[in-house]
Amino acid sequence: MSNSSWQKSSYSGSNSDCVEVRTADGVIELRESDEGEAIVRTTRLKFADFLRGAKAGEFDHLTTAP
């Protein structure tokens, strides 16, 4: 499988501080655009499960200040 280019969410707009994602060698890779050397790798299935949880609001509590 070939590697794809890093992609950021359209919600990031022109902001360069964002999370980016790509496929590489059959896995999903995520990184912060300003910390590009730290890459998290996961399977497509686990990433899909995470996205379903995010869309359902499962992690909303993490985005608000305490």
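**Exercise 1.** Identify the bridge partner of Q7 in β2, and describe how the strands concerned pair.

*Solution.* The bridge partner of Q7 in β2 is V21. Strand β1 (residues 7-8) and strand β2 (residues 19-24) pair in the antiparallel sense over two bridges, where strands are DSSP runs of E with at least two residues, helices are runs of H or I with at least four residues, and both are numbered from the N terminus; two strands pair if DSSP finds at least two bridges between them. Strand β2 is also joined to strand β3 (residues 27-32), in the antiparallel sense, by six bridges. The hairpin of β2 and β3 has two residues between the strands, and D25 takes a positive phi near 50° there.

The model is predicted, so that local features need pLDDT of at least 70 and side-chain atom pairs count only at pLDDT 80 or more, while totals for chains, interfaces and linings use all residues. Residues are numbered from 1 along each chain as its sequence is written, and side-chain values use heavy atoms, with hydrogens and water left out.

**Exercise 2.** Determine which residue forms a salt bridge with E20, and decide whether E20 counts as buried or exposed.

*Solution.* E20 forms a salt bridge with R31, the closest N and O atoms being 2.7 Å apart; the term requires a side-chain nitrogen of Lys or Arg within 4 Å of a carboxyl oxygen of Asp or Glu. This pair links distant parts of the chain, with E20 in strand β2 and R31 in strand β3, eleven residues apart. R31 is also the bridge partner of E20 in β3. E20 counts as buried because its relative accessibility is 13%, where buried means under 20% relative accessible area, exposed over 50% and partly exposed in between (1.4 Å probe, protein chains only).

**Exercise 3.** Trace the network of salt bridges that includes R22, and describe the contact between E29 and R41.

*Solution.* The network links R22, E29 and R41. Within it, the closest N and O atoms of E29 and R41 are 2.8 Å apart. That pair links distant parts of the chain, E29 being in strand β3 and R41 in strand β4, twelve residues apart. E29 counts as buried at 5% relative accessibility, whereas R41 counts as exposed at 55%.

**Exercise 4.** Locate the salt bridge between D49 and R52, and state the accessibility of each residue.

*Solution.* The side chains of D49 and R52 meet at 2.4 Å, N to O. Both residues lie in helix α1 (residues 44-55), three residues apart, about one turn of the helix. D49 counts as partly exposed at 41% relative accessibility, and R52 is partly exposed at 48%.
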